[in-house]
Amino acid sequence: MDNPFKHINQPIREVPPELKSKVMSDIAMAKLIMDLAALFSYNFSHVIESVVSKRDKKNQNE
């Protein structure tokens, strides 16, 4: 088995364009999923909070 630490001080090689585009596409998809998850999780908490506060105000007025 080859020792990977022997390759640390060697010059960096260029990545094949197909691999680079695949990795960048995967990163973009992961970022999109994280943004959507953050958007929906924030909205759900906001909706629940507003419903509870409106119920509390309604119950106090009665």
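What you see is a predicted model. In that sense of the word, the chain has 1 helix and 0 strands. The helix, α1, covers residues 17-61, and D35 is found in it.

Let me turn to the overall form. The C-alpha atoms fill a box of roughly 75 × 25 × 20 Å along the principal axes. The radius of gyration is 25 Å, whereas a compact globule of 62 residues would have a value near 11 Å.

How much of the chain counts as buried? The figure is 0% of the 62 residues. The chain exposes about 6500 Å², and carbon and sulfur atoms supply 65% of that area.

I come now to the charges. Side chains of opposite charge can pair when their charged atoms come close. A search of the whole structure finds 2 salt bridges.

One of these joins K22 and D26, with the closest N and O atoms 3.0 Å apart. The two residues are separated by about one helical turn, because they stand 4 residues apart in helix α1. K22 has a relative accessible area of 48% and is therefore partly exposed; D26, at 40%, is likewise classed as partly exposed.

The side chains of K31 and D35 also meet in a salt bridge, at 3.2 Å from N to O. Here again the spacing is 4 residues within helix α1, so about one helical turn separates K31 from D35. D35 is partly exposed, its relative accessible area being 42%.

Finally, I draw your attention to the nonpolar surface. Which residues form the nonpolar patch? They are M29, L32, I33, L36, L39, F40, F44, I48 and V52, and together they have about 900 Å² of accessible area. M29, one of this group, is placed in helix α1. Its relative accessibility is 48%, so M29 counts as partly exposed, the range between 20% and 50% being the one that carries this label.

That concludes my presentation, and I welcome your comments.

Definitions and conventions:
Residues numbered from 1 in each chain as written. Predicted model: local features only at pLDDT ≥ 70, side-chain atom pairs only at ≥ 80, totals over all residues. Heavy atoms only, no water. Patch = residues over 30% accessible without salt bridge, like charges linked within 9 Å, V, L, I, M, F, W, Y side chains within 5 Å. Areas by Shrake-Rupley, 256 points an atom, 1.4 Å probe, with all protein chains shown as cover. Salt bridge = Lys/Arg side-chain N within 4 Å of Asp/Glu carboxyl O. Buried < 20%, exposed > 50% of the residue type's maximum accessible area, 1.4 Å probe, protein only. Rg over C-alpha atoms; globule rule 2.2 N^0.38 Å.
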